[in-house]
Amino acid sequence: MIRLSDVWYMVGGNQILSEINIQVKAGEFVCIVGPSGAGKSTILRLVHMEMSPTRGQVIVADYDARTVHKHDIPLFRRKVGVVFQDFKLLEDRDVYENVAFALWATGVPRRRIKKRVFQVLAEVGLSHKRYAMIYELSGGEQQRVTIARALANEPYVLLADEPTGNLDPETTEEILGLLKRINGKGMAILMATHKEDLVRRLPASVVRIRQGRMVE
Amino acid sequence: MSLNLLYSMREGIVGLKRARMASVITVSTIAITMTLLGLFLILTFNIQGIAQSFRNKMTFEVFIDNSLESTDIQLLEKNIIDLEGVEDVTFISKEEALERYRRDFENDPLEIVGYNPLPPSFQVKLKQDYRYPERAEDVVRKTEALEGVDKVVYHENLFRLVYRYSRIVILVDVALFLTVLLAAILLVANTLRLTILSQRKTIQIMELVGATEGFIRRPYLIQGMLQGGIGGGIGSFIVLIIVQGVSLRFPDFLRVTIPMLLFPLALGLALGFIGAAIGLGRFLKTA
């Protein structure tokens, strides 16, 4: 599903990543763990094809970062859900619109949008708040909207960049529980976090990163 | 109409409300610049008209040999018309010349000399391309060489003066118009860019969830055209009011056509579209 083979990434002579080898199989949960600035987010951005590796191979499903055409990237991204620490939600829209947005933006017909939005909101336990504005929600609820949006297009993998970074311990547990449930239904998850204790509570394979290199 | 296009139109319209303050600033900027440009266009058109009317008066007179018979006069007229650069020839008979003299100088040569001493003549109007000193002088020389021509009166200095000043007026006016137009384009493009920048997060999320570039662009292009159209429409309306005000005080002072009044609206629409495309292009590259 996801394969990074001998990946190097450099910016203006600075080495950000070197010799990265990660594999995520279908239905697998993989955590990239490391301190801030270790290069975890860069790996996720490479997988999301926001940039190309300086050296090595990044393959996600049938897409190869070295050969993928610029016009195919939007189609690829529809099949990769992303969740961020800072949620990246549209504050001027309600919960329904934020989730529906991902479907609108990818040209899904209106009737199917409504059905699918209700489905994913039920999945993350936010059906009752579908018409609430984003600023009316707690941090945990906002993150659940982000996860619902990421799931809307039925991706084959979920990328989560520090999904609990802004949340208190109780809400963190909630989100971890949700991610475990989603993974339990067969969805592959690649998550980046700096919290060592977090990964111990997850049924996940662990890749440790330090200063752009794998340490384990 | 496809659902995507409907969505883009809806988003374009709703986007105006979402970025209300930025939209008000953009529409106001476009309205002010389009009003200025609309007024400038009318001014330019009228200045060009005045300069052109001066040039239209750049004619020369051909005095005919007094002894020429009427058939020879007709032949001479044909020969002058056939000359390259001549647009029109008007015959002024001896009687008509006398009438003009009486009218212009308020005395009668018949009473002074006892007969009509004025020769018949042709007033020669040159084609547009020949209303330049060098080319006009060439036609004058060829006319002088024709049989039956007594004398050609060509006000060379006046011709050169009118030509030089009308050219300066037209050049300065066009240069000013182009400068104002360029400033308007840059101002509108930058203001629209700010509007788009205020919706940066929406664009980033669109990219994240896999929206195509065309899908991302469409609502903003529609939004740009709406802002341009509203601003331009206001500009057209203000220009109409000003023109009516001026026309009430000074009738026949301005020559204004409907396309001139619609110019701010059309340019606003076009600038809105182009400005949004430029703003979006720059932004999408850096997003």
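Q: Two strands count as paired once DSSP finds at least two bridges between them. With that in mind, which residue of E5(A) stands opposite A:Ile59?
A: Glad you began there! Strands of a sheet pair through backbone hydrogen bonds, in either a parallel or an antiparallel sense. In this predicted model, A:Ile59 faces A:Asp64 of E5(A). Strand E4 (residues 55-60) of chain A pairs with E5(A) over two bridges, in the antiparallel sense.

Q: In what order do the strands of that open sheet run?
A: The order is E2-E1-E4-E5 in chain A, four strands with antiparallel pairing. Strand E2 (14-24) and strand E5 (63-64) of chain A are at the edges with a single partner strand each, so one side of each has no neighbour in the sheet.

Q: Now the helices: how do the axes of H3(A) and H4(A) cross?
A: Two packed helices are described by the angle and the distance between their axes. Here helix H3 (residues 95-104) and helix H4 (residues 110-123) of chain A have axes that come within 10 Å and cross at roughly 125 degrees. H3(A) and H4(A) are therefore oblique to each other, and H3(A) passes H4(A) in a right-handed crossing.

Q: Which residues of H3(A) and H4(A) meet?
A: From H3(A), the list includes A:Val99, A:Leu103 and A:Trp104; from H4(A), it includes A:Ile113, A:Arg116 and A:Val120. The contact has ten nonpolar residues, no polar ones and one charged.

Q: And how many residues of chain B are in contact with chain A?
A: There are 14, touching 16 residues of chain A. The largest share of chain B's side, six residues, comes from H8(B). That side divides into eight nonpolar, four polar and two charged residues.

Key: Residues are numbered from 1 along each chain as its sequence is written. Chains are lettered from A and ligands numbered from 1 in the order in which they are written. This is a predicted model: local features need pLDDT of at least 70, side-chain atom pairs count only at pLDDT 80 or more; totals for chains, interfaces and linings use all residues. Axes are lines fitted to C-alpha atoms, for helices over the stretch in contact, and angles run from 0 to 180 degrees between N-to-C directions. Angles under 35 degrees count as roughly parallel, over 145 as roughly antiparallel, 65 to 115 as roughly perpendicular and the rest as oblique. A crossing is left-handed if the near helix is turned anticlockwise from the far one by less than a right angle, and right-handed if clockwise. Two residues are in contact if their C-beta atoms, placed from the backbone, lie within 7 Å. Ala, Val, Leu, Ile, Met, Phe, Trp, Tyr, Cys and Pro count as nonpolar, Asp, Glu, Lys and Arg as charged, and the others, Gly among them, as polar.
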